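Subject: Structure handover, with notes on the sheets

Dear colleague,

Please read the notes with the model open beside them.

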Amino acid sequence: MAKFKQVPQSFMFQNLIKYWGNMVKNYEGDCNDNDFFDVVRNCFDHDKALELIQTAYTAKELEEMSRAKSRSCRLDLTDSMDDVFQTLWNTPGNRGKCRIVLGAVRECMDADCRDGSHDTLAQRFAELKRIMKLDDLEIEILVFSYVREQTCFSWPTHVPDRDKPLYYAMALDRSYAEVVKALSPDGTILKFNLLDGEYDFCRRTLGGYLDGTTDETIERRFYTKTDFAEVLPWEYYGELAKGDGEILKRMLSGNVGRCNILLYGAPGTGKTSFARSLAKELGRTAFEVKQGDDDGKNMRAEARMVGIKVCNAQEDASDSMMIVDEADELLRGSSCGFSVFGFDFGGGKSTEKGVMNTLLDEMKLPAVWISNAPASAMDESVRRRFDYSICFESLNGAQRAAIWRNQVAKHGLGNLIPEAKIQEYAVKYETSAGGISTVLSNVKRMAQSAGKVDELVATLMKPHCRLMGVKDSNRFLPAKDYSLEGMNIKGKVKLEKVVKAARNYLDAAFGDTSVDRPRMNILLFGPPGTGKTEFVKYLGKELDRKVMVVKGSDILGKYVGESEQNIAAAFRRAEAEHAILFFDEVDGLLQDRANASQSWEVTQVNELLQQMEDFGGIMIAATNFSKNLDPATMRRFTFKLEFGYLEDEGKRMFFERFFKTALTNEEFAVLRQLRNLAPGDFRTVRQELFYLGEEATNEDRLAALKEECAVKKDGDCSLPIGFTA
């Protein structure tokens, strides 16, 4: 508590004396905390204080107080000054005289106090008053809250939070009514989070700025001006610039005032760069609300909201625009969770929707809000306050090619990376714009010749894709020895005809488009390992089309309605990329609605069925459990192919194809006895015996195949392995 003892007097000390002196003058109750008098003990000479007491009180009065029966009223002038003054204050009949002594102490300290109006702290409070447009009472409240937190000032008694406005009024020597009004929820102080919910100084918001740990102005503490030097040209955004971009340009032309724009969707899809390019195209100065503080730590939502409010109040709406990047936590609604088996699951950190709604309503500056969260993560009341929104989905091949092309030109690598390679990379590496830029900047730094670029791109992309969880598109290719021969497809339609039909479907000139053109939705069902996924790989290769694989885990979202949005997004992305859309293990998404226990299970099936109706590409669904599918799904499929276990000739074909060996009649007889063999079993056994090389015999292979059959629920391993009848 000796913080201000024997230190140069200043703005802080000047205000400490003032607020403490006002409290001495206005407070009438008992003092239950001797810390209230630490101002005297720490900041005033002990002997001088004793002299003032002995001047104000007669020797008889002091003697009587020293012999008081009550311990709390027994005076001992050898005690420290905080204890002495607490005793004087609480002794009945002596408070008036004690107040006079303390007034004299205050006058003495005032006389010794130098003018602190030119201190750095005083100047920062003045700047704060100007920027946040605080009136005299509001800045006094803020100064007092800071002085109380930083110094030895203490309340004379325990003060509940609800009573603090009354004690603020005493310390500031202002009326209770005007202090209560200044501290109302609609007032600037609480609205800007300058005080916390307990009416104490909010260190998270302004602590570093007022303490002098940063030289930034108050504006730059919370937001910065966008540097347009690295901004991409407007034409770079192609159809987005021509469509949504033109609408936004019309909306944001002139002095538009409040206009909230939402850019949301998958991360790494260019939302932030689009916002910056939009500002530049409009000729507006862009201000970006900071995400981190001076220590490199993420700012809390409360501090970011202060930045938004300061920027909104300070900058000119006629020629400026605010960009609030990474706004997920601000926009996410507290009620946007989901429920399973009666348990509610929230959506992570969130801002109270009423606070967010008020903030959006009070915007004077056009603002672009950027979020990676799905729309369903935001309360409906928040969503409807946006004047316009754009959903940025995962980049398709054409968009990635445009990014590659732009970044190649930006880094001056056009002579090393031709257009053909750009197209190849766009298909092969499904990464974000940031990943492409990072890799190419390193290629520029390291590449020596055109012949080494391809290898270098692959070397740099491999760890990046692994880090970001990006799958290698080359992995979804059929095995080199894959063939349709030997497969057991039940029904009249053979795989060769399905391939031909799919090829004709993609031929725009095929058939009469004036009639009801059939969809190309294909259902593959049957036991695991019977070749369903391999056929999809084969079809993609034959048609020279990318296969976009979607699993149930990719679709299911934690927010209400998110799964349906993910389903729709998958179909849109496949159509944009002209890809075959493959739903693997679709039974989890198309389960029978009659068995649904949750409403979202029904809406999920409805959405998938509707998308299948409207899809303009090839959609394939695979399942091991076709009986679990909703009955309405079956008529949505143009072809329904059942993949069965191999028949005898198919077993021979796959054995000789995978193991590059012929079977004797005796060996074939044993193979025929193995039931429920699937193409996948031969690959598993080949991998199992691969490193035995020539040591592996057909007997080993047949024994291993028998074991594969044995682990299946419907397998039959009762037949012996051997070459005896």
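In what follows, helices (H or I, at least four residues) and strands (E, at least two) are DSSP runs numbered from the N terminus, and two strands pair if DSSP finds at least two bridges between them. The model is predicted, and for that reason local features need pLDDT of at least 70 and side-chain atom pairs count only at pLDDT 80 or more, whereas totals for chains, interfaces and linings use all residues. Residues are numbered from 1 along each chain as its sequence is written, and side-chain values use heavy atoms, with hydrogens and water left out.

I begin with the sheet that contains β9. Its six strands form an open sheet with mixed pairing, in the order β9-β14-β10-β13-β12-β11, and the edge strands, β9 (488-490) and β11 (547-550), each pair on one side only. The twist averages 25 degrees from one strand to the next, where axes are lines fitted to C-alpha atoms (for helices over the stretch in contact) and angles run from 0 to 180 degrees between N-to-C directions. Within this sheet, β10 (residues 520-525) and β13 (residues 618-623) run parallel and are joined by six bridges, with F525 standing opposite T623 in β13. Helix α25 (residues 532-543) packs on the sheet and touches β10, β11, β12 (580-583), β13 and β14, its direction making about 175 degrees with that of β12; contact here means heavy atoms within 4.5 Å. Helix α24 (residues 495-506) lies across β9, β10, β13 and β14 (639-644), and runs at about 150 degrees to β14.

The other sheet to look at is also open and mixed, with six strands in the order β1-β3-β4-β7-β2-β8. Because β1 and β8 (388-392) stand at the edges with a single partner strand each, one side of each is left without a neighbour in the sheet. Neighbouring strands are turned by 20 degrees against each other on average, direction ignored, and helix α14 (residues 238-251) packs on this sheet, touching β2 (259-265) and β8, with its direction at about 155 degrees to that of β8.

Strand β3 (residues 285-289) is mostly covered, four of its five residues being buried, that is, under 20% relative accessible area with a 1.4 Å probe and protein chains only. Three bridges join β3 to β1 (residues 223-225) in antiparallel fashion, and E288 in β3 is the bridge partner of T224. Four bridges join β3 to β4 (residues 320-324), which run parallel, and there F287 has M322 as its bridge partner.

Kind regards

Conventions
Buried < 20%, exposed > 50% of the residue type's maximum accessible area, 1.4 Å probe, protein only.
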